[in-house]
Every structure is written in C-alpha cells, then in structure tokens.
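Subject: Structure handover and findings

Hi,

Here is the structure for you to work with. My notes follow below it.

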Amino acid sequence: MFRFIEYLERFWALLSFYLPSHLSIENNKDKNILIVPGFKAGRFYYARLKSNLDNLGFKVGILSTLRNPTSLEEAVQYLAKQILTAPNEVTLIAHNTGGLLVLILPDEARRKVKRLITLGTPFHGSDRFTNTRYSYWGFESDWVKTNYKNALFFPLFQPLSAIEDFSFPPQESTEFGQGRDLWFDIPGNYNLVRRNENIRTLREFLGTPKDNINLTQNPKANPEFAVPKKIEVDFSKYEPAVYKKNKEKITKQKSSTNKEKAKLSSKANSAGKSSTKPVQKGKSIPKPKAKPKKKSKR
C-alpha cells in the first residue's frame, strides 16, 4: 500500500517539476526556512509542507532548481544565488538529492545557513544514477565519498530519513552514520514531505509542542522558542593557525610534564641513596673492634 502511494507521490512530484511555476524565483529576504526540492520534484510539490510550517509562525520559501543544467556547478550556483537573498542563520530543509547539492555550496552561501535538515538524502549515492548523466551520484561513487561529509561543516546538521526507502535502495544509501540519523515511521522517500504523519513529526522536530497538534487547524508558535536537538560542530579549532597554536601548546605541556617527572624521579633516587651514608674520599672505613679473649683459669 505504501509503495503504491509512493509511486503516486513520485508521479505528482515529476508533474509539478514541469509546471511553469517551478521556474519562478522568489525573494527570500524575510524567510527563515528554505526548502530545497529533491530529484525532479517541482516547487508546488512542497506546498503542503510549506503551509504547515507557515501556520506555525515560520516564514518559508521554496527554492527553484534547474531542469536541464549543463553541469553540477551550474545547478549549485543557481541555488546559491537564491540562498544569498535570505537573511543570515537560515534553516535549509533539503529533500532527496537536494541534500547532495547543498554539500558543495560556495562558502558565501553556506555561511548563510545555520541549520541543515536533510530528508531522505542518499549520502552514499544510488544505483539508479549509475550509467546516467547523474553518474557522479552513483552508489559509493568517488563524488559521494569525497563530498558527503561536507554536511558536517554546517553549524547544525540533522539527517532524517524514512524507515524504509523505495526510491534509493539499499537502505544504507540514506544513512549518514555517526549516530546522527533520525527515522520517520512512514516508509517512502517522497512520502516524507506529503504524508500528514511525517509532516507532524517534522513540525515536532522543529520545536513545536507535541500535544494537541491538529493539521486541520492553524496553530501559532513563535519560531524563536523552537528548540532543536542541537548537534554543534566547532571546526574553528581545525583551522591551520589555531591547530598549529594548539599543537605547540600541547607539545610544551608534554615537555614540562616530562621535566617534572624527571625531577621527581631524581629526587626519589637521591632520597634512596641518602639512607646509606656515602663513603668520603681519603677516609677508610673503621674496622670493628675485636672482642677481648677471656683468660683461661689454670
């Protein structure tokens, strides 16, 4: 049943991809959440997710993707120009292969992003891209091996996936690893952004109350009080200058520790030697006096 619904959702995503509205570009100057569409999925396909997040008080924008980019760099630059119109500390919700595109964003656009949430992104590639124009996204390809850990360069990174994925088998393709993955109960990659159960889970994950959530109503919440499950990664300590300084500091600490250990050991040795009186030069050791012999009585 879920597989059939997944096929319907995939068809709807492809149909909306070829609608004229997919190529329209918005100004994201007042947005705090940006949705990055997945593989051949149109902007209108994410309208339900957008409306639910808008009802919570977030300001959500849906980015446009190129239909026939001449190169991967062109597709990424097209996304980067839209992200640069957003304010700082924006949240990216990247669906499907949209999560692979944001891995190689230019630094200027990447610095705009405070939090990256991926939905069903095939971090290890997929066999469905092998022997196609997207072969760089093939399963365990050199491209994914080189770039998939770039997700760790975002201040907050949280990968979410369906409990079972029909679009990108095997299941390991959508697992980032390192104990970071969270799973939706409803299977299917394209169901992640359309099924009410998954949308409810995503709303809760963004910090909304877990009780009394009704998708038919319009609950209000202040995004400033949305507390995410923080997974902060500080990469400043790995910068060359900082790393060199820290390394020198550690080396000095080790050398001072070794010196202290040497002093303590020398003191211990000297204390052990002092227990036996040393023989002074030029002085002979006095011989013990012999006991006088008893005279025998005659």
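Which pattern does the protein follow, read along the sequence? The answer is α-β-α-β-α-β-α-α-β-α-β-β-α-α. Please keep in mind that this is a predicted model.

**Overall**

The protein has 8 helices and 6 strands. It comprises 298 residues, and 41% of them are buried. Take the contacts with a separation of 6 or more: 69% come from residues 24 or more positions apart.

**Helix H1**

H1 covers residues 2-17, which is 16 residues. From first C-alpha to last, H1 reaches 22 Å. That is close to the 22 Å expected at 1.5 Å a residue. The buried residues in H1 are Ile-5, Glu-6, Glu-9, Ala-13, Ser-16 and Phe-17. Why do they line one face of the helix? Seen down the axis of H1, these buried residues fall within an arc of 120°, so they share one face. The face turned away from that buried side carries two exposed residues, Phe-4 and Phe-11. Note that Phe-17 of H1 is buried, whereas Phe-4 and Phe-11 are exposed.

**Aromatic pairs**

How many aromatic pairs does a search of the whole structure find? It finds 18. One of them is Tyr-45 with Tyr-190. Their ring centres lie 6.3 Å apart. Their planes meet at 70°, over the 60 degrees that edge-to-face requires, so the pair is edge-to-face.

Tyr-45 has 0%, so Tyr-45 is buried. Tyr-190 has 2%, so Tyr-190 counts as buried as well.

**Aromatic cluster**

Which residues form one aromatic cluster? They are Phe-39, Phe-129, Tyr-134, Tyr-136, Trp-137, Trp-143 and Phe-168. One of these, Phe-129, also has a charged neighbour: Arg-128 lies over the face of its ring. The distance from Arg-128 to the ring centre of Phe-129 is 5.8 Å.

Best regards

How values were computed: Residues numbered from 1 in each chain as written. Predicted model: local features only at pLDDT ≥ 70, side-chain atom pairs only at ≥ 80, totals over all residues. Heavy atoms only, no water. Helix = DSSP H or I, 4+ residues; strand = E, 2+ residues; numbered from the N terminus. Buried < 20%, exposed > 50% of the residue type's maximum accessible area, 1.4 Å probe, protein only. Contact = heavy atoms within 4.5 Å. Expected span 1.5 Å × (residues − 1). Arc of directions from axis to C-beta. Phe/Tyr/Trp six-rings, centres within 6.5 Å; stacked < 30°, edge-to-face > 60°. Lys NZ or Arg CZ within 6 Å of the ring centre and 35° of its normal.
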